[in-house]
Amino acid sequence: MKGNVIKYERDNIDTDVIIPGQYLKVHDYAELATHAMEGLDPDFHSKVKEGDFILSGKNFGCGSSREHAPIALSHSGVKAVLALSFARIFYRNSVDGAFLLPIEIEEDAYKGISEGDEIDIDINKNEINNLTKNQTYKMKPFSEIIGKIIEAGGLFNYKP
């Protein structure tokens, strides 16, 4: 997967800013996507492009367990969120619904990757290649079961 990075240098980005509560009754995913990250970055919709990545600090997706958060991000074009850690419910909603990949990274990747950098993620090698800076970082591998769910295209398609 190759794309550009939109970086938020902060921890605890919660679902209320990923998709504000007033949009939870919107069932049109394209419309929902126009409000992604609106609570934190009102200009997000105009700068995100298909295949982009979000990079953030610790505990991304904390707060309420709304699946609207990964849906809004994925339909806005985001393919993966890279973070130092995730709230477990956001992580599982992302994987189970096959909306986007929650990729846990180490501190060196968080510090080394900048806003606008082009990166290439190789899931099989657990590597993130920063094409802009010619640097490579390791990502935390997915557990065996999460890898199988991702490979199946979500929990509903997974057959143990």
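Which residue in β6 is the bridge partner of Asp-122? In this predicted model, the partner of Asp-122 is Glu-127 of β6, and the two strands concerned, β5 (residues 118–122) and β6 (residues 127–130), pair in the antiparallel sense over 4 bridges. They belong to an open sheet of 7 strands, while elsewhere a nonpolar core of 47 residues, the largest in the structure, includes Phe-60 among the members that touch the most others.

- The strands of the open sheet follow the order β4-β3-β2-β1-β5-β6-β7, and their pairing is mixed; β4 (101–104) and β7 (135–138) are the edge strands, each of which pairs on one side only.
- Averaged over this sheet and with direction ignored, neighbouring strands are turned by 30° against each other.
- β5 and β6 form a hairpin in which 4 residues lie between the strands, and Asn-126 in the turn has a positive phi of about 55°.
- In a regular strand, side chains alternate between the two faces of the sheet.

**The enclosed helix α4**

- Because 8 of the 9 residues of α4 are buried, this helix is largely enclosed by the rest of the structure; the buried residues are His-68, Ala-69, Pro-70, Ile-71, Ala-72, Leu-73, Ser-74 and Ser-76.
- The elements that cover the buried residues of α4 include the helices α1 (15–18), α2 (29–33), α3 (44–47) and α5, together with the strands β2 and β3.
- Just after α4, Gly-77 takes a positive phi of about 120°.

**The nonpolar core around Phe-60**

- Within the largest nonpolar core, the residues that touch the most other members are Phe-44, Phe-60, Leu-73 and Leu-82.
- When neighbours within four places in sequence are left aside, Phe-60 is in contact with Ile-13, Ile-18, Ile-54, Leu-73, Val-81, Ala-83, Ser-85, Phe-86, Ala-87 and Phe-90, so that Leu-73 of the buried set in α4 is one of its partners.

**Aromatic pairs and charges over rings**

- The structure holds 4 aromatic pairs; in one of them, the rings of Phe-60 and Phe-86 have centres 6.2 Å apart and planes at 75°, so the pair is edge-to-face.
- This pair links distant parts of the chain, since Phe-60 lies in the loop between β2 (53–56) and α4 (68–76) and Phe-86 in the loop between β3 (80–83) and α5 (88–96), 26 residues apart.
- Both Phe-60 and Phe-86 are buried, and together with Phe-90 and Tyr-91 they form one aromatic cluster.
- The charged end of Arg-88 sits over the ring of Tyr-91, 4.7 Å from its centre, and the charged end of Lys-7 sits over the ring of Tyr-110, 4.9 Å from its centre.

Note on methods: Residues are numbered from 1 along each chain as its sequence is written. This is a predicted model: local features need pLDDT of at least 70, side-chain atom pairs count only at pLDDT 80 or more; totals for chains, interfaces and linings use all residues. Side-chain values use heavy atoms; hydrogens and water are left out. A nonpolar core is a set of buried Ala, Val, Leu, Ile, Met, Phe, Trp, Tyr and Cys residues joined through side-chain atoms within 4.5 Å. Buried means under 20% relative accessible area, exposed over 50%, partly exposed in between (1.4 Å probe, protein chains only). Contact means heavy atoms within 4.5 Å. Rings of Phe, Tyr and Trp (its six-membered ring) pair if their centres lie within 6.5 Å; planes under 30 degrees apart count as stacked, over 60 as edge-to-face and the rest as tilted. A charge sits over a ring if NZ of Lys or CZ of Arg is within 6 Å of the ring centre and within 35 degrees of the ring normal. Two strands pair if DSSP finds at least two bridges between them. Axes are lines fitted to C-alpha atoms, for helices over the stretch in contact, and angles run from 0 to 180 degrees between N-to-C directions.
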